Amino acid sequence: MKINNYITAEFPSKSVNESLARNIAAVFALPLDPNLEELSDLKTAVSEAVTNCIVHAYAGTVGSIIMKCRIIKDNVVEISIKDKGCGIEDLEKARQPLFTTGGEDRAGMGFTIMESFTDEMKVKSRVGKGTAVTLRKKINGRGSK
Amino acid sequence: MKISGNFKNGMLTLAFDGELDHHAARDAMQKLGNKLDAYTPRFCVLDFSGLQFMDSSGVALILRTYKRMCELEGRLSVANVGPQPMRVLDASGVERLIEISAAKEGGAV
């Protein structure tokens with residue numbers, strides 16, 4: 001599969017980096033000339049994934065988040081967000097809308113938003129090892145709606 | 001992110017300026033809670049005209065504010081919502097509980 005471009009970023013699971021991650025994704029996708037909705041959907045999905053690492057994967061501690069962006073098939077942005085945190089015990093439950101282990105501070109909408117705002121979402125997780133979320137979004141560009 | 005409050009005739013209007021993500025929501029919820037405790041309003045309006053971005057952390061904040069307003073037997077509405085925050089609110093379904101209105105064309109008044 002042709003990889004047209006890529007970037008790998010590693011940063012600590014501090015909440016100030018939620019904005020950093022959103023902007024890395026947005027800037028990386030820019031050469032594909034995304035329209036406003038595509039750009040904001042991508043940023044929102046990335047924000048949810050990174051927030052999950054901070055709030056859940058590394059709850060009570062700080063760990064490393066590795067974000068890899070690639071452009072594949074000419075106009076598909078693929079973003080993977082990986083952590084070496086606590087892992088997800090029940091992935092099926094975690095993906096249910098409104099389900100959260102995070103108490104009343106959280107809405108339980110992270111995976112739902114990631115799924116709705118991208119074309120494809122894959123999650124792999126192992127308890128005690130970590131979690132990897134891979135998002136793919138085709139960018140049709142500003143000529144389209 | 002900045003929140004400024006305006007209390008008049010029993011209505012507390014809270015204007016948000018910036019981005020409402022998990023990083024911002026922690027302080028924001030505390031500020032909101034303090035203002036609700038101070039004014040105990042009948043009506044609370046969250047004015048999102050200055051809100052550039054929101055993710056599900058913002059949804060959680062809205063729901064907690066709604067819960068608090070229910071305790072006060074008051075009402076909550078969210079006004080002047082821009083396109084990106086509206087996408088997130090639509091995905092969350094909160095409009096079943098709370099009145100949500102979009103930003104006017106060409107920017108909020």
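**Exercise 1. Classify Arg22(A) as buried or exposed, then find its salt-bridge partner.**

Step 1. Arg22(A) has 0% relative accessibility, so it counts as buried. Buried means under 20% relative accessible area, exposed means over 50%, and partly exposed lies in between (1.4 Å probe, protein chains only).

Step 2. This is a predicted model: local features need pLDDT of at least 70, side-chain atom pairs count only at pLDDT 80 or more, and totals for chains, interfaces and linings use all residues. Residues are numbered from 1 along each chain as its sequence is written, chains are lettered from A and ligands numbered from 1 in the order in which they are written, and side-chain values use heavy atoms, leaving out hydrogens and water.

Step 3. Arg22(A) forms a salt bridge with Glu19(B). The closest N and O atoms are 2.7 Å apart. A salt bridge is a side-chain nitrogen of Lys or Arg within 4 Å of a carboxyl oxygen of Asp or Glu.

Step 4. Arg22(A) sits in helix 1 of chain A and Glu19(B) in strand 2 (residues 11-20) of chain B, so this pair joins two chains. Helices (H or I, at least four residues) and strands (E, at least two) are DSSP runs, numbered from the N terminus.

Step 5. Glu19(B) is partly exposed, at 25% relative accessible area.

**Exercise 2. Describe the surroundings of Glu18(A).**

Step 1. Glu18(A) is in helix 1 of chain A. Its relative accessible area is 0%, so it is buried.

Step 2. Set aside neighbours within four places in sequence. Glu18(A) is then in contact (heavy atoms within 4.5 Å) with Val50(A), Thr51(A) and Ile54(A), and with Asp21(B), His22(B) and His23(B).

Step 3. Ile54(A) is 36 residues from Glu18(A) along the chain, yet their C-alpha atoms are separated by 8.8 Å.

**Exercise 3. Describe the interface of chain A and chain B.**

Step 1. The contact takes 23 residues from chain A and 19 residues from chain B.

Step 2. The area buried between the chains is about 1800 Å², with carbon and sulfur atoms giving 50%. Buried area is the accessible area (1.4 Å probe) that two parts lose on being put together, summed over both. Ser15(A), Arg22(A) and Glu104(A) supply 24% of what chain A buries against chain B, more than any other three residues.

Step 3. The rule finds six salt bridges across this interface. Helix 1 (17-29), helix 2 (36-57) and helix 4 (110-117) of chain A each supply at least two residues of the side that touches chain B. Helix 2 of chain A gives the most, with ten residues.

**Exercise 4. Trace the salt bridge of Asp105(A) and the network around it.**

Step 1. Asp105(A) pairs with Arg64(B) in a salt bridge, the closest N and O atoms being 2.4 Å apart.

Step 2. Check accessibility. Asp105(A) has 48% relative accessible area, so it is partly exposed. Arg64(B) is partly exposed too, at 25%.

Step 3. A network of salt bridges links Glu104(A), Asp105(A), Arg64(B) and Lys67(B).

**Exercise 5. Locate the salt bridge of Glu115(A).**

Step 1. Glu115(A) forms a salt bridge with Arg95(A), with 3.1 Å between the closest N and O atoms.

Step 2. The pair links distant parts of the chain, 20 residues apart. Glu115(A) is in helix 4 of chain A, while Arg95(A) is in the loop between helix 3 (91-94) and helix 4.

Step 3. Glu115(A) is partly exposed, at 37% relative accessibility. Arg95(A) is partly exposed at 26%.
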